[in-house]
Amino acid sequence: MSSCQRAARPLLQSIRQECLLRRTSHLPRSFSTSVPRQDEGPTTTSTTPPTPPPISSTKSIDQLEAAANAKGAEVKKFRMKERLLDPETTTAHWAERKLIYMGTPPVGSRRRRAALRTSENVPFEQLPYQCFQEARKILQEDREEKIRAIAKEQAKIKRLEDTPADQVPGGERKKNLRLTSLRKHLEELKILADVNDPVVKRKFEDGLGDMDKPIYRYYAEKKWRGLPYRVITQRIQQLNIVPDVLPKFEPTVDVELFFRRIKVSPGAILDSRITEVPPRLRVQVFNPGERLVSVVVMDSDVPNPETDSFDRRCHYLAANVPLSPNEPSLPLGNVDKEKQLAVRWLPAFSQKGAPYHRLSIFVLEQKPGEILDIAKLRELYSGRDGFSLKSYRDKFGLTPVGFNIFRTVWDESTAGVMERAGIPGADIEFKVKRVYSMKEEKKPRGWEAKRQKPKYRGLWKYSKRIHGISRGRR
């Protein structure tokens, strides 16, 4: 409390006390009549409650001030919570988790949001730095030059499209090759026009970029080709996906895996309870246009005791799923059960004693304009066992483009998961069979073997590899 407030407080209390006394002195007193009893004469009774004892003015003022302070604290707390839940400026960990749960994730990095919260609300393009503004002028001139080049290329493409194929040297084939080359160069110019723009970079880093534009797809692919691409290719080599599942495979699409809002790193070993619910995929493609894809989840480590080897099993199969750069989310549990779902989701499980199971998730691109027959897929793969991804790829002319993987082992909740899913075999336990060597036992040789006779009894105490003889003194 400031000195001015302390000086004015007695005056304020006296004014409030006078106002309170003036109000209480002018209050009217109300009376009402009641019906008299038969054995008594007519009387009048008051229905108003007894007047409470007077309260000291200092106590009432203190109560009013406490109530006002409490209300102000509640308003301040509400405003603070509202400010912390702002996706543009929040830096609290609990607020970030709550925003992600609400479906409005925080924008940009935590450092950027902290800088925005503590600085003036100046637009990014109007930052008062002379070097920054001069650099923006140079970049703007370069962008105008690229725009003029884009206009020229578009005119070339339009002119070549209007030219008949018989007037082009090389005919229709040469014309198509030339058009493909010009369109590729046009996409490169569109990227070069905005590749150095700080506003475009900021939008991409904040997750606000439009993936229908070439520049944002270029940034997304460049980011994915860094650590995520190296990790996924390393998992393909380490876990022997090639050649166990496919003879050759190179991912070209970013596939992220989420189980119950939890992002799963490639190759992680998951609890069986988490896999009861179908996962959600985030499939980011880097070329324009919508396409249809098939999603396959398969287990390539199903033990077969009869043949002493491993088989494959299909855990999920869906086809004709639309995918575009601006719509990367692909929840496996929300696909159309009549037109897209061929094999429903089966939880990941492993018998006791068996090694870890590799559950691979493949995204395969279908031919343009081709729709697969779901009834035929159900007829072929509803049995799940013996599934071959290579056969499925070759039979329907698909192209594998995306990949992710997770693993599962026997844990304390696997038996319950198998029981709820109606899967038999929870009581089976695999044990490693010991294989004895068929070679003959080697005879002792060397210095120790030559001196095992009683003649060298005095040297036995120096021997360490002679079995069955005490090493103590005799």
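Guide: Seven bridges join strand S7 to strand S11, and the two strands run antiparallel. In this pair, Val-293 stands opposite Glu-365 in S11. The model is predicted, so local features need pLDDT of at least 70 and side-chain atom pairs count only at pLDDT 80 or more, while totals for chains, interfaces and linings use all residues. Residues are numbered from 1 along each chain as its sequence is written, and side-chain values use heavy atoms, with hydrogens and water left out. Helices (H or I, at least four residues) and strands (E, at least two) are DSSP runs, numbered from the N terminus.

S7 and S11 belong to an open sheet of six strands, in the order S5-S12-S11-S7-S8-S10, with mixed pairing. Two strands pair if DSSP finds at least two bridges between them. S5 and S10 (341-343) are at the edges with a single partner strand each, so one side of each has no neighbour in the sheet. From one strand to the next the twist averages 25°; axes here are lines fitted to C-alpha atoms, for helices over the stretch in contact, and angles run from 0 to 180 degrees between N-to-C directions. Helix H11 packs on this sheet, touching S8 and S10, and its direction makes about 10° with that of S10. Contact means heavy atoms within 4.5 Å.

Next comes strand S12. Nine bridges join it to S11, and this pair runs antiparallel, with Glu-365 opposite Thr-399 in S12. Strand S5 (residues 268-270) is joined to S12 by three bridges, and these two run parallel; Ile-269 stands opposite Arg-407 in S12. Nine of the 10 residues of S12 are buried, so the strand is largely enclosed by the rest of the structure. Buried means under 20% relative accessible area, exposed over 50%, and partly exposed in between (1.4 Å probe, protein chains only).

Helix H12 (residues 389-396) has four buried residues: Leu-389, Tyr-392, Arg-393 and Phe-396. They cover an arc of only 100° around the axis, which puts them on the same side of H12; the arc is that of the directions from the helix axis to the C-beta atoms. The buried residues of H12 pack against S7 (291-304), S8 (309-323), S11 (357-365), H11 (374-381) and S12 (399-408). At the start of H12, a side-chain oxygen of Ser-388 comes within 3.3 Å of the backbone nitrogen of Ser-391. After H12 comes Gly-397, with a positive phi near 65°.

Asp-394 is partly exposed at 45%, and Lys-390 is partly exposed at 36% relative accessibility.

Arg-358 counts as buried at 8% relative accessibility, whereas Asp-244 counts as partly exposed at 30%.

Technical notes. Polar contact = N/O pair within 3.5 Å; in protein donor to acceptor, adjacent residues only side chain to side chain.
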